[in-house]
Amino acid sequence: IDPRQAGPTTFAAVLDAGLRAIVSVNLTGGNRSLLMLLPANVGRPTDMLFDVEQSRFLITAVDPPALLIVESGTTTVLSDAREGPLFGRPEALEFVPSATLGALPRTPIAYVLDSARASILAVDLGTGERVILTK
């Protein structure tokens with residue numbers, strides 16, 4: 001949930017995995033409105049967090065696994081199951097149900113749980129490179 005204050009009403013941005021969308025929920029009245037649909041070609045979304053410093057959402061997905069960046073209405077695959085110099089190190093993502101951001105002040109890293117390998121990976125938010133931290 002990303003609470004945002006807009007005048008006297010508070011809103012939250014919520015991931016609706018079934019709809020494959022980010023929706024805005026009015027926390028006072030409960031009304032919902034669609035912020036954006038995720039592309040059909042990305043995996044099933046499982047978790048969402050808000051990168052306050054970059055004003056963007058990070059979404060984990062499975063089937064296929066990926067870490068997505070959503071900003072200004074555009075969805076970009078930052079890191080996924082592919083390997084090679086454009087997709088990070090050979091530690092390909094396998095099943096990523098959740099993630100969290102590095103501590104502030106700005107640490108450009110997401111810590112991603114990969115439950116298929118029982119590991120936590122650090123993913124560089126600038127390059128998409130991945131490193132296994134725990135096994």
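A residue is called buried under 20% relative accessible area, exposed over 50% and partly exposed in between, with a 1.4 Å probe and protein chains only. By this scale Asp-114 is buried, because its relative accessible area is 0%. The structure is a predicted model, in which local features need pLDDT of at least 70 and side-chain atom pairs count only at pLDDT 80 or more, while totals for chains, interfaces and linings use all residues. Residues are numbered from 1 along each chain as its sequence is written, and side-chain values use heavy atoms, with hydrogens and water left out.

Confidence is given as pLDDT, the predictor's confidence in each residue, from 0 to 100. The chain has a mean pLDDT of 83, and 84% of its residues reach 70 or more. Helices (H or I, at least four residues) and strands (E, at least two) are DSSP runs, numbered from the N terminus. Among the elements of the chain, the lowest mean pLDDT, 54, belongs to strand β1 (residues 2-6), and the highest, 94, to strand β4 (residues 32-37).

Strand pairing was assigned where DSSP finds at least two bridges between two strands. An open sheet is formed by 4 strands in the order β5-β6-β7-β8, with antiparallel pairing. At its edges are β5 (44-51) and β8 (74-80), each of which pairs on one side only. Neighbouring strands of this sheet are turned against each other by 25 degrees on average, direction ignored. For such angles, axes are lines fitted to C-alpha atoms, for helices over the stretch in contact, and the angles run from 0 to 180 degrees between N-to-C directions. The antiparallel pairing of β5 with strand β6 (residues 56-62) extends over 7 bridges. Within β6, Arg-56 is the residue opposite Asp-51.

An open sheet of 4 strands is also formed in the order β9-β10-β11-β12, again with antiparallel pairing. Its edges are β9 (98-101) and β12 (130-134); each has a single partner strand, so one side of each is left without a neighbour in the sheet. In β10, Leu-113 stands opposite Ser-98.

Side chains of opposite charge can pair when their charged atoms come close. A salt bridge was counted where a side-chain nitrogen of Lys or Arg lies within 4 Å of a carboxyl oxygen of Asp or Glu. The count by this rule is 5 salt bridges. One of these joins the side chains of Arg-44 and Asp-63 at 3.7 Å, N to O. Its partners belong to distant parts of the chain, 19 residues apart: Arg-44 is in strand β5, and Asp-63 is in the loop between β6 and β7 (66-71). Arg-44 is partly exposed, because its relative accessible area is 42%, whereas Asp-63 counts as exposed at 57%.

A salt bridge also joins the side chains of Arg-56 and Asp-51, at 3.2 Å, N to O. Arg-56 is buried at 7% relative accessible area, and Asp-51 is buried at 1%. The side chains of Arg-117 and Asp-114 meet in a salt bridge at 3.3 Å, N to O. Arg-117 is partly exposed, with a relative accessible area of 22%. Together with Glu-94, residues Asp-114 and Arg-117 are linked in a network of salt bridges.

Asp-114 is located in strand β10. Its side chain reaches the backbone nitrogen of Ala-116 at 3.2 Å. This separation falls under the rule for a polar contact, a pair of N or O atoms within 3.5 Å; within protein, one must be able to donate a hydrogen and the other to accept it, and residues adjacent in sequence count only if both atoms are side-chain atoms. Contact in general was taken as heavy atoms within 4.5 Å. Neighbours within four places in sequence left aside, Asp-114 is in contact with Ala-92, Leu-93, Glu-94, Phe-95, Val-96, Ser-119 and Leu-121.

Met-36 lies in strand β4 and is buried, with a relative accessible area of 13%. Not counting residues up to four places away in sequence, Met-36 touches Ala-21, Ile-22, Val-70, Gly-73 and Thr-75. Met-36 and Thr-74 are separated by 38 residues in sequence and by 9.1 Å in space, C-alpha to C-alpha.
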